[in-house]
Amino acid sequence: MEDKITKLQNLIDNSQNIVFFGGAGVSTESGLKDFRSVDGLYHMKYDYPPETILSHSFFYENTKEFYRFYFDKLLVDGIKPNAAHKKLVELEKAGKLKAIVTQNIDGLHQLAGSKCVYELHGTVAKNRCERCRAFYNVDYIKSFNGDVPTCKCGGTIKPEVVLYEEGLDQNTVNKAVKAIASSDLLIVAGTSLTVYPASGLIRFFGGKNLVVINKDDTINNDAIGLIKDALFIKGKVGEVLSKIVVNISE
Ligand code: APR
Ligand code: ZN
């Protein structure tokens, strides 16, 4: 492991154009569950499969049930950025990290201080009334304690997160692709690379320095082709990144 950390340190020292592509595994060290690890959300027992609950049709047909799951599992109170989020802020401040492309909706990268974050699956921070499009922040949603949040006009509020059956925001995708395509070091961490089109964006990386950090061997087989030449570091992304020193280049 140590020689792989040394290799990662050298790659980071020699790059001024790093992009970080992350998934739910980046937030597990902050206390959030991921989806597909053995103890992840998709292995827990619910009346419906979580992939069903987190879908467009379920939101409209079972709004109350949607918000019960969403409040219980995704709007976790008191979560804080972990060592991974913090190191990425340091790398961005040093001018080395150009963008974070995340599948997460928890807002922890911004909470840590990262500026350039492309949220492919949206964010819990943004919520809009389905009737009048009024904007509400996450605290207003939390104040309903799991009940369906309603707007002052009486309309139902929907979070601006990308549910199954919904498309990604094209503008966000375009910016993420541009950042990945122009980077010379792509670090892919804490993701099983199961969900498309998000996972497919890493195919736009044209450089030779691809690093994958994952605590298990749970990368989706369909994605193995995308990362076959990667430096694979088995470990917790927070622990791995906390060993990296950010050297400010002259
Ligand atoms: N460090 C490194 N890897 C980790 C850590 C950690 N601390 N914790 C978990 N992992 C790994 C797991 O081994 C797994 O391979 O992160 C990966 C998380 O994979 P998923 O749970 O599938 O999460 P993700 O890839 O982000 O899922 C993508 O699926 O349900 C949708 O919209 C949801 O954005 C999500 C998308
Ligand atoms: Zn309204």
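Predicted model: local features only at pLDDT ≥ 70, side-chain atom pairs only at ≥ 80, totals over all residues.
Strands (E, at least two residues) and helices (H or I, at least four) are DSSP runs numbered from the N terminus, and two strands pair if DSSP finds at least two bridges between them.

The open sheet is ordered β5-β4-β6 and its pairing is antiparallel. Its edge strands, β5 (135-136) and β6 (157-161), each pair on one side only.

## A helix across the sheet

Helix α4, residues 63-74, lies across β4 and β6 and runs at about 50 degrees to β6; axes are lines fitted to C-alpha atoms, for helices over the stretch in contact (heavy atoms within 4.5 Å), with angles from 0 to 180 degrees between N-to-C directions.

## Surroundings of ligand 1

Ligand 1 is surrounded by 25 residues (a heavy atom within 4 Å of the ligand), the closest being Arg36, Tyr42, Thr191, Ser192 and Thr218.

Among the polar contacts (N or O atoms paired within 3.5 Å), a polar side-chain atom of Thr28 lies 2.9 Å from a nitrogen atom of ligand 1, while a backbone N or O atom of Gly25 lies 3.3 Å from a nitrogen atom of the ligand. A backbone N or O atom of Gln103 lies 3.1 Å from an oxygen atom of ligand 1. The protein covers 96% of the 730 Å² of accessible area that ligand 1 has on its own (Shrake-Rupley method, 1.4 Å probe).

## Basis of the values

Residues are numbered from 1 along each chain as its sequence is written, chains are lettered from A and ligands numbered from 1 in the order in which they are written, and side-chain values use heavy atoms, leaving out hydrogens and water. Local features need pLDDT of at least 70 and side-chain atom pairs count only at pLDDT 80 or more, whereas totals for chains, interfaces and linings use all residues.

Notes. Polar contact = N/O pair within 3.5 Å; in protein donor to acceptor, adjacent residues only side chain to side chain.
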